[in-house]
Structure formats: structure tokens, C-alpha cells
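This briefing sets out selected features of the structure shown below. The points are grouped by topic for reading alongside the sequence.

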Amino acid sequence: MQCSFVPVSAESHFPIQNLPYGVCRRPSGERCIVTALGDYIVDLTALEALGLLAVPALQGRRVFGSGTLNTFMAQGRTVWKDVRQRLQQLLDAQEPTLRDNAALQARVLAPMAEVEMLLPADIGDYTDFYSSREHASNVGTMFRGPDKALQPNWLYLPVAYHGRSSSIIASGTDVRRPCGQMAPPASPSGTGGSAGPIYGPSQALDFELEMAVFIGPGNALGQPIPITQAEDHLFGMVILNDWSARDIQAWEYVPLGPFLGKNFATSISPWVVTMEALAPFRVTAPPQDPPPLPYLHDPARITYDIHLEVYLQGEKMNQATRLCTSNFRYLYWTLAQQTAHHTVNGCNLRPGDLLASGTISGPTPDSYGSLLELSWRGTRPVRVGDETRTFLLDGDRVTMTAWCQGEGYRVGFGSVTAAITPALWAG
Ligand code: CA
């Protein structure tokens with residue numbers, strides 16, 4: 001498959017095999033739904049208005065006019081497949097409709113660099129899982145010792161907490177260092193003393209390398225999604241950075257879990273790569289022992305071979321340093337298991353809800369997906385250019401990228417990036 005009017009290099013994340021969905025603001029101020037091809041955006045809102053995306057399954061309905069992807073996400077697999085096929089046809093080198101119409105090209109194509117990418121959907125609810133055995137084991141080892149690394153429930157259910165959707169931000173938006181309560185400083189005698197907690201800017205600001213899936217059609221309240229039908233509810237994926245203030249988190253998280261240590265900002269990449277585009281990169285997830293309960297028994301155990309990288313660049317550095325490489329396929333709990341577990345009690349998911357994976361750490365120290373693990377709770381400073389880090393400093397920029405490697409092409413996610421700005425703190 002080739003496109004004759006937009007050049008696409010082998011390293012591009014956006015060949016015609018990908019066709020991710022996003023939302024952007026064009027220089028005219030228009031907000032529109034777009035796909036990506038090479039270094040260009042293709043305006044789907046305009047194509048639909050011109051009648052060029054009508055597929056039988058839509059029965060005349062418009063799905064790209066509302067400025068968010070929620071309506072399209074709600075349509076389900078038949079519409080998604082038909083629209084994708086229609087788009088690939090329109091953009092194909094053999095098809096004259098767009099190829100031979102300069103005026104139409106001028107209307108619907110624009111350099112990606114000229115548009116501002118926005119959040120792709122109205123995210124009603126956001127859930128963050130904890131599905132990497134390596135990450136859970138590393139954190140558990142640090143805080144409870146190697147004998148109690150995994151909690152007794154971890155191998156039986158995909159642990160998660162409900163996150164905050166209001167502070168999910170588009171890539172490129174700065175993240176302000178949060179202030180909050182932190183544990184009392186240890187007394188000189190080591191007994192803890194009677195000092196109260198301290199308040200101030202977090203001194204242990206961290207990133208978490210995650211991916212997240214957008215929910216397509218939801219389920220009715222009270223009606224669980226069986227694991228064998230979970231795939232029908234998954235629209236596509238993004239990269240997610242779950243910014244975490246480890247010192248705030250450590251003081252607050254017992255007994256109800258993460259709160260202010262997590263909900264100040266969560267960054268996502270702008271392009272939603274569909275499950276159809278990811279299909280060629282399906283692999284089998286790691287074996288599970290003990291076997292999970294029947295409602296979590298996943299005969300397919302489908303996951304995806306998605307290469308992940310994290311880069312850090314300090315304010316005074318000329319270039320970014322790669323901190324780690326990992327892979328989505330390391331995760332112990334699959335997307336289908338997460339979906340089945342989330343709804344087994346009747347909880348309803350809605351189109352545009354976001355389910356994050358949890359930090360994706362691999363088996364080797366260079367595959368750890370957070371500074372907490374890379375610096376082993378601050379005890380092993382990480383080299384970054386000519387400097388070192390245990391946690392993030394003001395001015396630091398964290399960039400995550402992800403792609404699937406095909407034969408001669410990539411299906412990529414682009415990147416998610418953000419810089420840390422100083423806390424609003426008067427002392
Ligand atoms: Ca997380």
C-alpha cells in the first residue's frame with residue numbers, strides 16, 4: 001500500500017497502514033477530527049461534510065462533526081472497519097478522487113506542524129490499572145521487602161484505582177510541580193518522634209510509562225462485559241504518562257490508595273491508534289500461574305508487541321537521554337481481562353472512557369518504567385547527559401514514544417511530551 005501524493009518514510013509513525021484518529025485546531029481556529037499520513041493531517045470532518053466518508057454501516061449518520069471522537073468511538077467495530085477501509089481507498093495511489101483534485105487536497109490536507117493537537121475525546125472516567133508484574137514486584141520489594149513484594153490479591157485480579165479525568169492533558173502541556181503533605185521527617189533517634197507532616201513542593205516527582213485504551217461502545221449498568229466480548233468494546237490506544245509525586249503518595253495512600261500524589265496531571269499522546277491498525281502486532285501475553293478465576297480466564301490472551309521508550313532532557317541539556325526501553329507485551333493482565341474485571345460487578349463503561357495499563361516495566365533494569373525503579377527509590381542516581389537524577393527537577397522534559405515495527409514500515413503513536421514548571425509555593 002502506498003499513497004502517491006504524500007511521501008511516507010519507513011521511519012514515519014504514520015503510514016497508510018496506521019491511520020490513527022485525533023482532534024486538532026487548524027490555523028483558521030477550526031476544530032476538526034483528523035487522521036495522520038506521513039507528516040500531514042487529513043481533515044475527516046471536511047471529508048465527511050463533502051460526503052466522501054459515507055459507508056453503508058453509518059446509514060447516513062455523521063460521526064466526525066462534534067469536535068471529539070466520542071461519537072465515532074460509540075459506533076462499534078463494523079463502522080470502524082468500513083470507515084478505515086474507505087479512508088485507505090481514498091488515500092491509495094490508485095484512487096483518483098483525492099489524488100487528482102488539487103483543490104480538495106488543499107482543503108483536507110495540512111502539514112501536521114501547522115496544527116495544534118488537542119485531547120482526542122471527552123474522557124468521562126479514567127481508571128489506572130497496575131498490571132505489570134515486574135513493576136508491582138519492584139515497588140513491593142522497595143516498600144515491603146522481597147518476601148512480600150506482591151500483595152496476596154495481585155495474581156488473582158488486575159488491581160486498579162479510579163483516577164481523575166479532569167486533569168488528563170494533551171501532549172505539550174506543561175506540568176506544574178505539585179505541593180502537598182509529606183511524611184514527618186525521621187527523628188535523629190530513628191524513632192519517628194512526634195513531629196507532624198510537612199507541607200511543600202514534592203521532592204520526589206516521577207513519571208510512569210504507561211499505555212491506555214479508549215473504550216468504544218459501553219455496557220449498560222448492571223451488565224458485565226464477558227471476557228470473550230471485551231475486544232468489541234476497545235477502540236484504540238495512546239501513550240500515557242501517569243505523573244506521580246512519590247512523597248505525597250507515600251504519606252496519603254493507606255488505606256484508600258492514590259489521591260493527590262497522582263491526580264494533578266496525566267499526559268496522553270494525541271493520536272489514537274486503532275485496534276485494527278494494531279492487529280498485525282498481536283502476540284500472546286505471558287502465561288499466568290495460578291490460573292485466574294473463570295470470569296478472568298482469557299483463552300486468547302491477546303496482547304500487542306509495542307516498543308516503548310522514555311527520554312529525559314534537563315533545562316540546560318542540548319539533547320535528550322534515553323532512560324529506558326520497554327514493551328507493552330510484558331504486561332501480566334491483558335486488556336480483555338482488565339475490561340472483564342472492571343465490569344464484573346456491573347460497573348458501566350462509556351464511550352471515551354480511558355483505561356490505563358499501569359507502569360510498564362520489563363525484566364531488566366534498563367526496562368524499568370519509572371524513576372522510582374530506575375533510581376531504586378533514590379538510592380542509585382541515574383545518569384542523564386552530564387548530570388544525574390533520582391527524581392525530576394524543574395525544567396526537565398520527559399518524552400515517551402511508542403511504535404510497532406512491521407516489515408519496512410512502522411505503526412507508531414508519535415510521542416507524549418511535557419516539561420516540569422516550578423511549584424506555586426510561597427513557603
Ligand atoms: Ca500508574
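This is a predicted model: local features need pLDDT of at least 70, side-chain atom pairs count only at pLDDT 80 or more; totals for chains, interfaces and linings use all residues.

**Strands β2, β3 and β4**

- The hairpin of β2 and β3 has two residues between the strands, and Gly38 takes a positive phi near 55 degrees there.
- β3 also pairs with strand β4 (residues 109-111), in the antiparallel sense and over three bridges.
- As a general point, the strands of a sheet pair through backbone hydrogen bonds, in either a parallel or an antiparallel sense.

**The five-stranded sheet**

- Five strands form an open sheet with mixed pairing, in the order β9-β26-β25-β20-β21.
- The edges are held by β9 (175-176) and β21 (321-327); each has a single partner strand, so one side of each is left without a neighbour in the sheet.
- Within this order, β20 (residues 307-313) and β25 (residues 397-405) pair in the antiparallel sense over seven bridges.
- Val310 stands opposite Met400, a residue of β25.

**Calcium site**

- Four residues supply the protein donors of the calcium ion: Asp128 (OD), Glu208 (OE), Glu210 (OE) and Asp242 (OD).
- These donors lie 2.2 to 2.4 Å from the ion.
- Along the sequence, the spacing of the donor residues is D-x79-E-x1-E-x31-D.
- Both Glu208 and Glu210 are buried.

**Largest pocket**

- The largest pocket holds about 820 Å³ of space.
- Its lining consists of 33 residues, and those nearest the centre are Tyr130, Val159, Gln249, Tyr253 and Pro258.
- Two or more lining residues come from each of β6 (126-129), α6 (133-144), β7 (160-162) and α7 (246-252).
- Of the elements lining the largest pocket, α6 gives the largest share, with six residues.
- By class, the lining of the largest pocket comprises 18 nonpolar, eight polar and seven charged residues.

**Second largest pocket**

- The second largest pocket has a volume of about 300 Å³.
- It is lined by 16 residues, of which Ala204, Arg246, Asp247, Ala250 and Arg377 are the closest to its centre.
- Both β11 (198-201) and α7 give two or more residues to the lining of the second largest pocket.
- That lining divides into nine nonpolar, four polar and three charged residues.

**Cysteines**

- Zero disulfides are found in a search of the whole structure.
- Cys404 is in no disulfide, and the nearest cysteine sulfur, that of Cys324, is 17 Å away.
- With a relative accessibility of 0%, Cys404 counts as buried.
- Cys347 has a relative accessibility of 22% and therefore counts as partly exposed.

How values were computed
Residues are numbered from 1 along each chain as its sequence is written. Side-chain values use heavy atoms; hydrogens and water are left out. Donors are N, O and S atoms within 2.8 Å of the metal (3.2 Å for Na, K and Ca); water is not among the atoms, so sites may look incomplete. Buried means under 20% relative accessible area, exposed over 50%, partly exposed in between (1.4 Å probe, protein chains only). On a 1 Å grid over the protein atoms alone, a cavity is a set of points where a 1.4 Å probe fits but cannot get out, and a pocket is an open set with protein on both sides within 12 Å along at least five of seven lines; lining residues have an atom within 4 Å of a point. Grid points are joined across faces, edges and corners, and a volume is the space filled by probe spheres set on the points. Helices (H or I, at least four residues) and strands (E, at least two) are DSSP runs, numbered from the N terminus. Ala, Val, Leu, Ile, Met, Phe, Trp, Tyr, Cys and Pro count as nonpolar, Asp, Glu, Lys and Arg as charged, and the others, Gly among them, as polar. Two strands pair if DSSP finds at least two bridges between them. A disulfide is a pair of cysteine sulfur atoms within 2.5 Å.
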